[in-house]
Amino acid sequence: MALLDIRNLNIDIRTPAGDLHVVDNVDLTVNEGEIIALVGASGSGKSLMLQAITYLRKENIIFRADRFKIYNEDLLQMPSRRRRRVIGKNFYLIMQDPRTCLDPTMKIKKQLYEVMPKEKWYRIDRKIRNFITNKRRTDAIATLHRTGIKEHSRILNSYPNELSDVECQKVMISMAISARPKLIIADEPISNLGISSRLQILKLLDKYNKNEHTSILIICNDLASIANFADYFAIFYGGKIVEFGSRSHILNHPIHPYTASLVKAMMIMEDPAKEFNEEEYRLARVPDFAQMPVGCPYGPSCKYANRKCNKAPKLTITKTFRYFCHNPLDKEALFEDDQD
């Protein structure tokens, strides 16, 4: 069942020079229990999509969509108060800069307690409130341990400014797990962590996904870090999801040239001793939204580009692929897919 269903999402940014169109006709569906990775270079519009999904509107940002549903409830038709309740109940957001998202006036323990589901302790006789408080503390300590925090007493009694960036990141992930949402949306949750911490966090989220059937939408600019983590990959470039497919198809049979360049870059990172052609593995720069090329946004960087690329490619849908490209690379994979 579709937990989140968004159709034809567009985002504009108002500037003194005029509106910039930064996200173009994006479709995104997240089913229950799925892990979807939104992969693309920094500055391509991924975080703006996250703001649209969670309705974190800003005055200079305009969101438009034909459909925005959570469990078939139409958020576009809801009053703002009910929309906030529905999003707050079902989603939890892990921001890219966790320090700015934690309340600087509250200790970590109080912030952890606040996100825990209140049905466990809210309507309870005062005589056993101490027991419930101890239970919450026990649960908070257990969650911190799962994210690799061993000095739980120091962390719980600290303010955010007393913690390192890595500790703040792990606290945010602990809060996400404690809240027990239906969907965790993580914006670069492992970008500030070391290799061992990255693996630990991804294993934790993967285990939580399997045990609790919680969906995860993770935003990342490093395909190698999450190659074995996500079930599906949405490759983002120039404000558009240029390709969407399963892990196996994206890693083994990329269709879009930009996806292929990401996979090749990941392969050379895994085997640095391997000889490679620098031009072949060079990644394209994200286009300036104020000077977006005509037609395909990847056209100026694509070695397969031709005259057809001067027009915007249309969406092509197969059983396991969705992509925008005039010159798909792995045509054999497409043919095999159509025969399934």
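**Cavities, cores and rings in a predicted model**

Biologist: How many cavities of 30 Å³ or more does a search of the whole structure find?

Modeller: This is a predicted model. Rolling a probe the size of a water molecule over the atoms shows where empty space is left. A search of the whole structure for cavities of 30 Å³ or more gives a count of two.

Biologist: Which strand gives the largest share of the lining of the largest cavity?

Modeller: The largest cavity holds about 90 Å³ of space. Strands S2 (18–31), S11 (240–246) and S13 (321–324) each supply at least two residues of its lining. The lining includes Ile241, Val242, Glu243 and Phe244. With four residues, the largest share comes from S11.

Biologist: How many residues of the lining of the largest cavity are charged?

Modeller: Among the lining residues are Asp27, Glu243 and Arg322. Asp, Glu, Lys and Arg count as charged. The lining of the largest cavity divides into seven nonpolar residues, one polar and, as charged residues, three.

Biologist: What is the volume of the largest pocket, and which residues are the closest to its centre?

Modeller: The lining of this pocket divides into 15 nonpolar, three polar and five charged residues. Helix H2 (80–90), strand S7 (91–94), helix H4 (108–115) and H7 each give two or more residues to the lining. The volume is about 560 Å³. Of the 23 lining residues, the closest to the centre are Gly88, Phe91, Tyr92, Leu93 and Ala179.

Biologist: Which residues touch the most other members of the largest nonpolar core?

Modeller: In soluble globular proteins, nonpolar side chains tend to be buried together. Leaving aside neighbours within four places in sequence, Ile226 is in contact with Ala37, Val39, Ile190, Leu202, Ile218, Cys220 and Phe233. Of the 55 residues in the largest core, the ones that touch the most other members are Ile226 and Phe233.

Biologist: Are tyrosine 55 and phenylalanine 68 stacked or edge-to-face?

Modeller: A search of the whole structure finds five aromatic pairs. In this one the centres are 5.3 Å apart, with 20 degrees between the planes. Planes under 30 degrees apart count as stacked, so the pair is stacked.

Biologist: Is tyrosine 55 buried or exposed?

Modeller: Tyrosine 55 follows H1 and has a positive phi, near 60 degrees. Its relative accessibility is 17%. Buried means under 20%, so tyrosine 55 counts as buried.

Biologist: How many of the eight residues of H1 are buried?

Modeller: The buried residues of H1 are Lys46, Leu48, Met49, Leu50, Gln51, Ala52 and Ile53. H1 is therefore largely enclosed by the rest of the structure. Of its eight residues, the number buried is seven.

Biologist: Which residues form one aromatic cluster?

Modeller: Tyrosine 237 and tyrosine 258 form a tilted pair, 4.7 Å centre to centre with 50 degrees between the planes. Tyrosine 237 lies in strand S10 (residues 232–237) and tyrosine 258 in helix H10 (residues 257–270), so the pair ties together parts 21 residues apart in sequence. The cluster is Tyr237, Tyr258 and Tyr298.

Biologist: Is asparagine 8 buried or partly exposed?

Modeller: Asparagine 8 is in strand S1 (residues 2–15). Its phi is positive, near 55 degrees. At 24% relative accessibility, asparagine 8 counts as partly exposed.

Biologist: What is the relative accessible area of glutamate 188?

Modeller: Glutamate 188 is in the loop between strand S8 (183–187) and helix H8 (195–212). Its phi is also positive, near 50 degrees. Glutamate 188 is buried, with a relative accessible area of 6%.

Definitions and conventions
Residues are numbered from 1 along each chain as its sequence is written. This is a predicted model: local features need pLDDT of at least 70, side-chain atom pairs count only at pLDDT 80 or more; totals for chains, interfaces and linings use all residues. Side-chain values use heavy atoms; hydrogens and water are left out. On a 1 Å grid over the protein atoms alone, a cavity is a set of points where a 1.4 Å probe fits but cannot get out, and a pocket is an open set with protein on both sides within 12 Å along at least five of seven lines; lining residues have an atom within 4 Å of a point. Grid points are joined across faces, edges and corners, and a volume is the space filled by probe spheres set on the points. A nonpolar core is a set of buried Ala, Val, Leu, Ile, Met, Phe, Trp, Tyr and Cys residues joined through side-chain atoms within 4.5 Å. Buried means under 20% relative accessible area, exposed over 50%, partly exposed in between (1.4 Å probe, protein chains only). Contact means heavy atoms within 4.5 Å. Rings of Phe, Tyr and Trp (its six-membered ring) pair if their centres lie within 6.5 Å; planes under 30 degrees apart count as stacked, over 60 as edge-to-face and the rest as tilted.
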